[in-house]
Amino acid sequence: MDVAHLQSKVSSSPIRYCSSTPRPLSVLSKTAISVRRNPRHTSSFGSIRRGSLCSATGSDTLVAGSRREDGKPREVATKKEDEFVDLKSWMHKNGLPACKVVLKERHSYDEKHRPIHYVAASEDLQAGDIAFSVPNSLVVTLERVLGNETIAELLTTNKLSELACLALYLMYEKKQGKKSFWYPYIRELDRQRGRGQLAVESPLLWSESELDYLSGSPTKAEVLERAEGIKREYSELDTVWFMAGSLFQQYPYDIPTEAFPFEIFKQAFVAVQSCVVHLQKVSLARRFALVPLGPPLLGYRSNCKAMLTAVDGAVELVVDRSYKAGESIVVWCGPQPNSKLLLNYGFVDDDNSYDRIVVQASLSTDDPQYQDKRMVAQRNGKLSIQIFHVNVGKEKQAVLDMIPYLRLGYVSDPSEMESVISSQGPICPVSPCMERAVLDQLADYFKNRLAGYPTSMTEDDTLLADCGLDPKKRVATQLVRLEKKMLNACLQAVAELMNQLPDLTVSPCPAPYAPSLK
């Protein structure tokens, strides 16, 4: 599941139409082709008029259109505006049947930001009750956006993700303000600012200094890698424009990279990422959906089994537990480790049974016996570059799974290698010195990873005990502490195996082509 923030901030030309119903971006049309020939649009993708773009500043620029045409920040919405865009009332007006939920407020840690909304039970609920059923007419999917399933599938099997297409659609809709059918929903997404249940944005929107909270964690590199991926998607946005040609007809604006600066698109992408729902047993063009009353208004819980489900003509939520009236309703976020929960939704779950860290082991390509070892590894379901998942609570099993692979890398005698090749299982000759070398390598690896964090677990506990700790630093500290806990459990498992060696005085075997760990 994944969704994002959107808000267009470029001064727009006058809107030439008004619509009370959602419009698809639709299929290619003669009108679209004729507009393409307009000299105003003959520039190449590279000739982007950067000078005409507004800068993405201010606290309300997560969705395009949050600044006035004179460049000044919009004032915080008045109570009258809030009433005008009340999400649930709008949904009931447009087909949402009676449901058993209400929207409530949770204060933001930042006084400059408005409180976030969340879905709560409007009455006592029992497991198996239908909390709500959102009709498909109020669900945003690529099939609805593009009006053509073939184009939707073509776009998303090329270079663009569903998230990029959905973000682009909502950015254009945002530019229309109250004239857009989706205005109340977009205003709600804008209000949430892509913040999860802890009111924290994804690290994709953190500053460089805030990303330092993740120092030592592989998640920091994942954030930077994902950000680069969003840049690549941005550079391909114009593909949507030219393949779904009626964009020219529906929206009287420039092509995407001229209409929206990268920072606005990134904010929109992250907002969509934070609330997109991955529907099961539907067509490719409907699998990613934006569901009003869904995330981020619904909280995520790793030990929850309730999911938003596509049924005939709607998307419904059947709760998996009892709720008292007023309690926040939660759904399952899928089998995601905490690193993904933080990256996608801005929170960390201390009780996440799907949490894990990754260890990558690689056979040495300089080894004269590399090809033979690669063949043996593949025969036993492993690769020359093998990823080992260390699941929380199962650290010892993960270590035991790594050891045979590492033993293979330590084999140096050609006759021993022949014996390994002729065996029918992951059998390597085990000598005390080889076993000591393998365990020493694992112990050093886990110690080095722990040393890469700037704080100890004790210091993390002290930070987390501070009620005034910055929320971004809090979730980052939660994450790195849980990672350290798993690494320490791995190190403990290695120490226990080391103590089982018959002779602790044996020196480790030399290993000119030992596998690498990272």
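**Entry 1: the cores**

I started with the largest nonpolar core, which has 86 residues, and found that F132, L166, F265, L290, L317 and I329 have the most contacts inside it. Helix α6 (residues 162–175) gives the largest share of this core, ten residues. A note on the term: a nonpolar core is a set of buried Ala, Val, Leu, Ile, Met, Phe, Trp, Tyr and Cys residues joined through side-chain atoms within 4.5 Å. Buried is under 20% relative accessible area, exposed is over 50%, and partly exposed is in between (1.4 Å probe, protein chains only).

I then picked out L166 and looked up what it touches. Not counting residues up to four places away in sequence, L166 touches V140, T141, L142, V145, V272, V276, F288 and L290. A contact here is a pair of heavy atoms within 4.5 Å. Apart from this core lies another, of 42 residues, and F388, M402, I403 and L450 are among them.

**Entry 2: what I am looking at**

This is a predicted model with residues numbered from 1 along each chain as its sequence is written. Local features need pLDDT of at least 70 and side-chain atom pairs count only at pLDDT 80 or more, while totals for chains, interfaces and linings use all residues, and side-chain values use heavy atoms, with hydrogens and water left out.

**Entry 3: the chain as a whole**

I noted 20 helices and 13 strands in the chain. They are DSSP runs numbered from the N terminus (helices: H or I, at least four residues; strands: E, at least two). Of the 518 residues in the chain, 52% are buried. For contacts between residues at least 6 apart in sequence, I found that 77% join residues at least 24 apart. The accessible surface comes to about 22,900 Å², and 51% of that belongs to carbon and sulfur atoms. The area comes from the Shrake-Rupley method with a 1.4 Å probe; for residues, only the protein chains shown count as cover.

Next I went to the second largest pocket, with a volume of about 490 Å³. Its lining includes residues from α9 (218–235), α14 (338–345), β11 (356–362), β12 (385–391), α18 (432–451) and α20 (471–499), the elements that give two or more residues each. The lining has 22 residues, and P218, E222, I357, V358 and R449 lie nearest the centre of the pocket. Which element gives the largest share of the lining? I found that α9 does, with five residues.

By type, the lining divides into ten nonpolar, four polar and eight charged residues. In this count Ala, Val, Leu, Ile, Met, Phe, Trp, Tyr, Cys and Pro are nonpolar, Asp, Glu, Lys and Arg are charged, and the others, Gly among them, are polar.

For the record, the search ran on a 1 Å grid over the protein atoms alone: a pocket is an open set of points where a 1.4 Å probe fits, with protein on both sides within 12 Å along at least five of seven lines, and lining residues have an atom within 4 Å of a point. Grid points are joined across faces, edges and corners, and the volume is the space filled by probe spheres set on the points.

I found a cis peptide bond between P295 and P296, with omega of about 5°. P296 lies in the loop between β6 (288–290) and β7 (299–300).

L293 is placed in the loop between β6 and β7 too. L293 has a positive phi of about 80° although it is not a glycine. Is L293 buried or exposed? L293 is buried, with a relative accessible area of 0%.

K281 also has a positive phi, of about 60°, and is not a glycine. K281 sits in the loop between β5 (276–278) and β6, and it is exposed at a relative accessible area of 89%.

G326 is in the loop between β9 (314–318) and β10 (330–331). Its C-alpha atom is 5.3 Å from that of A120, although the two are 206 residues apart along the chain. Beyond its neighbours within four places in sequence, G326 is in contact with K104, Y118, A120 and A121.

L501 is found in the loop between α20 and β13 (516–517) and is buried, with a relative accessible area of 12%. Leaving aside neighbours within four places, I found L501 in contact with E435, R436 and L439.

I385 lies in strand β12 and is partly exposed, at a relative accessible area of 48%. Again leaving aside neighbours within four places in sequence, the contacts of I385 are Q360, A361, S362 and Y405.
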